[in-house]
Amino acid sequence: MKKRIVLYKALSPDLLARLQAAAEVTTVDLARPDGMARLRDALPGAHGVLGASVRLDASLLDLAPELEVISSVSVGVDNYDIADLDRRGIVLTNTPDVLTETTADTGFALILATARRVVELANWVRDGHWRSGLGPAQFGSDVHGKTLGIVGMGRIGEALARRAAAGFGMQVIYHSQRPKPDVEARYGARRFALDELLAQADFVCLTVPLSAATEGLIGRGELALMKPEAILINISRGRVVDEQALIDALETRRIRGAGLDVFVQEPLAADSPLLRLDNVVATPHIGSATEETRQAMARCAVDNLLAALAGRRPANAVNG
Ligand code: DGY
């Protein structure tokens, strides 16, 4: 008898066909108002699920006692309680590597957009304010030659370091639990304690995964250490930053600005104070969101799922 799979992410026809050849597939569209109710209805009897952006907590997992594998279309695995998955004997897989370069591009897009005030000034033109030459009121700050502080030196951190050092002549400093001699040798990066990094960097870019250790890592005290002209970039997870403390720091111009791709609550509420600030560039968690990369992530997730259902160890198993 074919195994049962529940998809809560749309797949391209070729990938869907691969799954349908191997299993009985139920697709749930979470964009529908009743999407979560449909997911709950589909879970009983499922052997595998594939999707992203849903917190598969105990109440959902209890509905799927036959579940063998969760194939997450993401590199981040903060939506899952791994100890609980271990207890239930469920394999969790993710999609690392394929999104590294695209997510680093997003980080750099935010660095450039905030420093050069791209969104604010594009809106200024659109609103008809460009009537004569520019003055200091429209000036931004340079990116090239500045110091980039990368918090978390994993794959994405390293891809940022490469862009910064090779493309923009920036000094790279980083904070991570372990030294990264390769990154130091390749990009001249220097490892600092977090406090020191915050005090020295012109751009602080957060790339750490969300965990108990990193939740609230950047709070009021940490923001107070940053230079007044510094810019905070967050491409990791919203909860790594105390969002209210950040709003206060941006409103009072304690720091120059922020480029934010991730938020405590996603989607970000339309009335968030962050959206009233002209020194904030807020994007809708576009980290890996290009056609090419999302297709590569989906393919990787399908490979992981099919391997696990066939009794093989998936290439990207997070646990087990
Ligand atoms: C991930 O894969 O965890 C990213 O946040 C998605 O863009």
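1. Helices (H or I, at least four residues) and strands (E, at least two) are DSSP runs, numbered from the N terminus. By that count the protein has 12 helices and 12 strands. With a radius of gyration of 21 Å, close to the 20 Å from the globule rule for 320 residues, the protein is as compact as a globular protein of that length (radius over C-alpha atoms; rule: 2.2 Å times the number of residues to the power 0.38).

2. Before you go further: this is a predicted model, where local features need pLDDT of at least 70 and side-chain atom pairs pLDDT 80 or more, while totals for chains, interfaces and linings use all residues. Residues are numbered from 1 along each chain as its sequence is written, and side-chain values use heavy atoms, without hydrogens and water.

3. How much of the protein is buried? Of its 320 residues, 49% count as buried (under 20% relative accessible area; exposed is over 50%, partly exposed in between; 1.4 Å probe, protein chains only).

4. Now the rings. A search of the whole structure turns up 1 aromatic pair (Phe, Tyr or Trp rings, the six-membered one for Trp, with centres within 6.5 Å; stacked under 30 degrees, edge-to-face over 60, the rest tilted). The ring centres of F108 and F168 sit 4.8 Å apart with planes at 25 degrees, so the pair is stacked. It links distant parts of the chain, 60 residues apart: F108 is in helix α5 (residues 100-115) and F168 in helix α7 (residues 155-168).

5. As for cover, F108 counts as buried at 5% relative accessibility, whereas F168 is partly exposed at 27%.
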